[in-house]
Amino acid sequence: MGSTFLVAGVEVAPPTDNEEVGQMKYMILLYGSQQDYDVLSGRASDRPAMSAEQIAAMHKHMETFHQALAESGELVDARGLSEPVHARRVQVREGAPVVTDGPYPETQEVLAGYTIVECASFDRATEIAAGLVDPDAPGGYVDVRPVLDGVEDLAG
């Protein structure tokens with residue numbers, strides 16, 4: 001195996017053989033709010049709107065980060081989600097669907113995107129996830145969860 005390399009301050013392992021026993025998929029869940037989407041779209045709120053340069057730098061970071069995972073053989077998929085104003089929440093009350101259109105209150109976190117990786121361990125998935133946490137966002141975090149292959153994986 002070759003040496004590791006850094007992507008956004010995180011060491012990324014060299015290419016791996018995903019057929020190796022013990023490989024598992026993990027979903028890294030990224031969160032945001034309508035306010036986050038607003039500043040990305042150039043709309044100021046209690047935070048200033050992001051400049052075109054800041055947005056370009058963020059996109060470059062994500063592209064470089066995910067390209068390194070693709071090259072290591074660990075990237076399965078990664079997507080961003082549309083802003084909460086385009087979301088619908090569906091609940092069932094007394095047997096009937098109740099639909100609420102976004103936006104939701106700005107303080108409410110929403111799923112903003114995800115990255116699915118396939119790697120050798122939960123520790124490795126956690127190491128990868130650390131590179132997706134915005135170090136400039138106070139209290140910023142992502143969640144890492146194993147992806148189950150079937151209902152039989154629930155018992156355990």
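Contact here means heavy atoms within 4.5 Å. Leaving aside its neighbours within four places in sequence, Val117 is in contact with Met24, Lys25, Tyr26, Ile28, Leu69, Glu74, Val76, Ala125 and Ile128. The model is predicted, so that local features need pLDDT of at least 70 and side-chain atom pairs count only at pLDDT 80 or more, while totals for chains, interfaces and linings use all residues. Residues are numbered from 1 along each chain as its sequence is written, and side-chain values use heavy atoms, with hydrogens and water left out.

Helices (H or I, at least four residues) and strands (E, at least two) are DSSP runs, numbered from the N terminus, and two strands pair if DSSP finds at least two bridges between them. Strand 4 and strand 7 pair in the antiparallel sense over five bridges; Ala78 has Thr115 in strand 7 as its bridge partner.

Within helix 3 (residues 122–130), Arg124, Ala125, Ile128 and Ala129 are buried, a term for under 20% relative accessible area, with exposed meaning over 50% and partly exposed in between (1.4 Å probe, protein chains only). Seen down the axis of helix 3, these buried residues fall within an arc of 140 degrees, so they line one face of the helix; the arc is that of the directions from the helix axis to the C-beta atoms.

A nonpolar core is a set of buried Ala, Val, Leu, Ile, Met, Phe, Trp, Tyr and Cys residues joined through side-chain atoms within 4.5 Å. The largest one has 13 residues, of which Ile28, Val117 and Ile128 touch the most other members. Two or more residues each come to this core from strand 3, helix 2 (52–72), strand 7 (110–119), helix 3 and strand 8.

Leu30, found in strand 3, is buried, with a relative accessible area of 16%. Between Leu30 and Tyr114 there are 84 residues of separation in sequence but 5.7 Å in space, C-alpha to C-alpha.
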